[in-house]
Amino acid sequence: MAVEKLTRKRLITDILTENIPQSNKKMCTTDNLKSQFKPLTFGEGPSTSEIVSEIEKTNKDKAVKHFRSKSTMCNFPKKSVSCQTQVMTADFACSPKSASSIETSTATTVSSKQSTSELCYVPSTGTSSSSSNEKYSDRECDKIVNEKTLELTIQLIKSHPKKFIGVPANCLWILNLLENSMNVSEGHILLVLMKMKTNDTYSRLRYQFGLSLAQTSNICHQNFHHLAHFLKTFIYVPSVLQVKQNLPIPFRAFYSKVFVIIDAFEVQIQKPSDSVHQALTWSEYKKCCGGRISDNILFAESGILDILPENTTLMADRGFKSIEKVLKTKNVKLVRPPSVYTCEKPTKEQALETKRIASLRIHVERVIRRIREFHILTPHSCLDLSLLSVLDSITISVCGLINLQSPIIKT
């Protein structure tokens, strides 16, 4: 505090000495000061704020005066900014709502001279559209979106039919045939075919066809059987004469009487919760419905024996060795690779016969490969247990569709 008082006294003396004329500075004494300056009474003279402002002004003048570098003063012109409220009007023709649903509201005029704190906002008295109309409009929008989505999906499928539904591009006429025969819309038929081809989940297929999850599942399960009923007509048994006329040349040397080649394939399913069902579906090399069944019982229950003509030959794998007794009842010969025993070495003739039969049986493996192109029947597709009841219908439909493709053996 003492230092501040001293600095204030010095500043006051500097001001007083500057106010004295130069000629009288040397002669300045106490008497002279008393004669020049009158004593101040209460209420007269400069106030404290004026003295402080004078001191600050003097300090600034001194700082500018004794500073050697040039100083540049930038005086920006002060512009008065006035806040004015502009009333924005909208055209009713450009409004998303109809003009009838908009009611005129009480207008409030606001002066531009009023401050922003004095402005008040009055809510509009117009009522919005009813909730029933909004729900109806949303329902309409959903319907339009679903229709457009279905159209785009149908266009995409028809541009690449082999990829999405497993039908060649030159056989799309079958869609119109199925639509007229089954009395089902084209979109539902494509949904079932796409499920078999891609094995996509119902939760994803629903968005592609603009349906709900329950609708997608019900449409597929209801039409699997109907589709198999019509597509099984593409699976036919030719006559013995037709088989001989179209028999490939490698068969004619040693196996000219071969009428059919049989084999089986496996499909993995989900693990059943029931232990009895687990035992029935388990096998060391099969994980499909009835995987514990042997090839012999599978052959007997398949009904192939009923369509085999007499005095023909059937070609099969080693696993079908026990069906020879059943085939003799219809005078049908079994051709299969010779059995292999661990304690005996196969002869040269047996090795050649095994190689010869394997080179001819490869054609049935190529057919199975085409069946596997439908992802619902791939080895590790892990089918849902709800599809087991329609698995036979799915297999029949797939076999009918692959018969529309190009021949396995090209002539």
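Reader: How many salt bridges does the structure hold?

Author: The structure holds 5 salt bridges. A salt bridge is a side-chain nitrogen of Lys or Arg within 4 Å of a carboxyl oxygen of Asp or Glu. This is a predicted model, where local features need pLDDT of at least 70, side-chain atom pairs count only at pLDDT 80 or more, and totals for chains, interfaces and linings use all residues. Residues are numbered from 1 along each chain as its sequence is written, and side-chain values use heavy atoms, with hydrogens and water left out.

Reader: Why is the pair K158 and E186 called a salt bridge?

Author: The closest N and O atoms of K158 and E186 are 2.8 Å apart. The limit is 4 Å, so the pair qualifies. Side chains of opposite charge can pair when their charged atoms come close.

Reader: What does the pair K158 and E186 tie together?

Author: K158 lies in helix 4 (residues 131-159) and E186 in helix 7 (residues 186-198), so the bridge joins parts 28 residues apart in sequence. Helices (H or I, at least four residues) are DSSP runs, numbered from the N terminus.

Reader: Is E186 buried or exposed?

Author: Buried means under 20% relative accessible area, exposed over 50%, and partly exposed in between (1.4 Å probe, protein chains only). E186 has 18%, so E186 is buried. K158 has 38%, so K158 is partly exposed.

Reader: What makes D200 and R204 a salt bridge?

Author: Their side chains meet at 3.7 Å, N to O. That passes the 4 Å limit, so the label holds. D200 is buried at 13%. R204 is exposed at 53%.

Reader: Which residues are linked in a network of salt bridges?

Author: D263, R361 and E365 are. Between R361 and E365, the closest N and O atoms are 3.8 Å apart. R361 and E365 sit 4 residues apart in helix 16 (residues 348-372), about one helical turn. An α-helix has 3.6 residues a turn, so residues three or four places apart point the same way. R361 is buried at 8%, while E365 is partly exposed at 34%.

Reader: Why is helix 7 called largely enclosed?

Author: 11 of its 13 residues are buried, so the rest of the structure largely encloses helix 7. Among the buried ones are G187, L190 and M194.

Reader: What span is expected for helix 7?

Author: The expected span is 1.5 Å times one less than the number of residues. For the 13 residues of helix 7, that is 18 Å, and the helix reaches 18 Å from its first C-alpha to its last. Just after helix 7, N199 takes a positive phi of about 55°.

Notes. Helices (H or I, at least four residues) and strands (E, at least two) are DSSP runs, numbered from the N terminus.
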